[in-house]
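Subject: Structure for your review

Dear colleague,

Please find below the structure that I am handing over to you. My notes on what was found in it come after.

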Amino acid sequence: MRCVWFFVLWCSYAHAQFADSFVLPLEQYPKNDACYAWGYQNPDFGNQRHVADDACTPEGTPVLAVADGVIRFAGQYKTCPNWGYLIITEHALRDGTFVNAIYGHVSPIAGMAKMVPVVKGQKIGYVEQMECWPNATHIHFGIYRGPYRDIDCYFHAQLQQGSCRANGY
């Protein structure tokens, strides 16, 4: 029943778009940069595994939606040493499953708000400078399986804690 209800909600807000392909969130996504990679033991969080990729890029770099979907969160979420501004987009796949893209340290542009549809490659925000990392401006980017849940699930995934971890985050 949840899938049927969600499909109706999805149709009303996003015109039943499916994420058939994905792009990276930056036009020039850096490789082998000095920022934390996926799986890195993050000393800022008690050497927990870093469950996203931090891509070093200048402040003000445009951030793109990685696929057709809908915004589930866009705004301020916690402060240093966490995300500051955060955008989460949810993407429906043709097989009936969902994934969520997380764009941390990204200020949303005007009009980007909860339940607003996005298309692959659409500008959704800009990388912001975080005062807690003055020498490492970056986007914190990850894709997680499953439908959108609570915003705190993504925070707890970073810490590998709580019930959200058991739910695939």
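The notes below go from the overall fold to the sheet, and then to individual residues.

This is a predicted model, in which local features need pLDDT of at least 70 and side-chain atom pairs count only at pLDDT 80 or more, while totals for chains, interfaces and linings use all residues. Residues are numbered from 1 along each chain as its sequence is written, and side-chain values use heavy atoms, with hydrogens and water left out.

Overall fold

The chain contains three helices and eleven strands; both kinds of element are DSSP runs numbered from the N terminus (helices: H or I, at least four residues; strands: E, at least two). Along the sequence the pattern reads α-β-β-β-β-β-β-β-β-β-β-β-α-α. Of the 169 residues in the chain, 46% are buried. Here buried means under 20% relative accessible area, exposed means over 50%, and partly exposed lies in between (1.4 Å probe, protein chains only). The chain has an accessible surface of about 8500 Å², and carbon and sulfur atoms account for 55% of this surface; the areas come from the Shrake-Rupley method with a 1.4 Å probe, and for residues only the protein chains shown count as cover. Taking contacts between residues at least 6 apart in sequence, 64% join residues at least 24 apart, where contact means heavy atoms within 4.5 Å.

The six-stranded sheet

An open sheet is formed by six strands in the order β3-β11-β7-β6-β5-β9, with antiparallel pairing. Its edge strands are β3 (53–56) and β9 (117–118), each of which pairs on one side only. Two strands are taken to pair if DSSP finds at least two bridges between them.

Strand β5 is largely enclosed by the rest of the structure, because seven of its nine residues are buried.

Salt bridges

How many salt bridges does the model hold? The count comes to two, a salt bridge being a side-chain nitrogen of Lys or Arg within 4 Å of a carboxyl oxygen of Asp or Glu.

One of them joins the side chains of D20 and R94, at 2.8 Å from N to O. D20 lies in the loop between α1 (2–14) and β1 (41–42), and R94 in the loop between β6 (84–92) and β7 (98–104), so this pair ties together parts that are 74 residues apart in sequence. Both D20 and R94 are exposed.

A salt bridge also joins the side chains of R72 and E90, at 3.1 Å from N to O. R72 belongs to strand β5 (residues 69–77) and E90 to strand β6, so the pair ties together parts that are 18 residues apart in sequence. Are these two residues buried or exposed? R72 is buried at a relative accessible area of 13%, and E90 is buried at 0%.

Individual residues

N100 is in strand β7 and counts as buried, with 0% relative accessibility. A polar atom of its side chain lies 2.7 Å from the backbone oxygen of G146. The C-alpha atoms of N100 and I88, twelve residues apart along the chain, are 6.6 Å from each other.

V127 lies in strand β10 (residues 123–127) and counts as buried at 2% relative accessibility. Leaving aside neighbours within four places in sequence, the residues in contact with V127 include L26, T57, P58, V63, H105 and H138. The C-alpha atoms of V127 and Y85 are separated by 9.1 Å, at 42 residues apart along the chain.

H105, one of the contacts of V127, is found in the loop between β7 and β8 (106–108). H105 is buried, with a relative accessible area of 2%. Its side chain is joined to that of H138 by a polar contact of 3.1 Å. A polar contact is a pair of N or O atoms within 3.5 Å; within protein, one must be able to donate a hydrogen and the other to accept it, and residues adjacent in sequence count only if both atoms are side-chain atoms.

With kind regards
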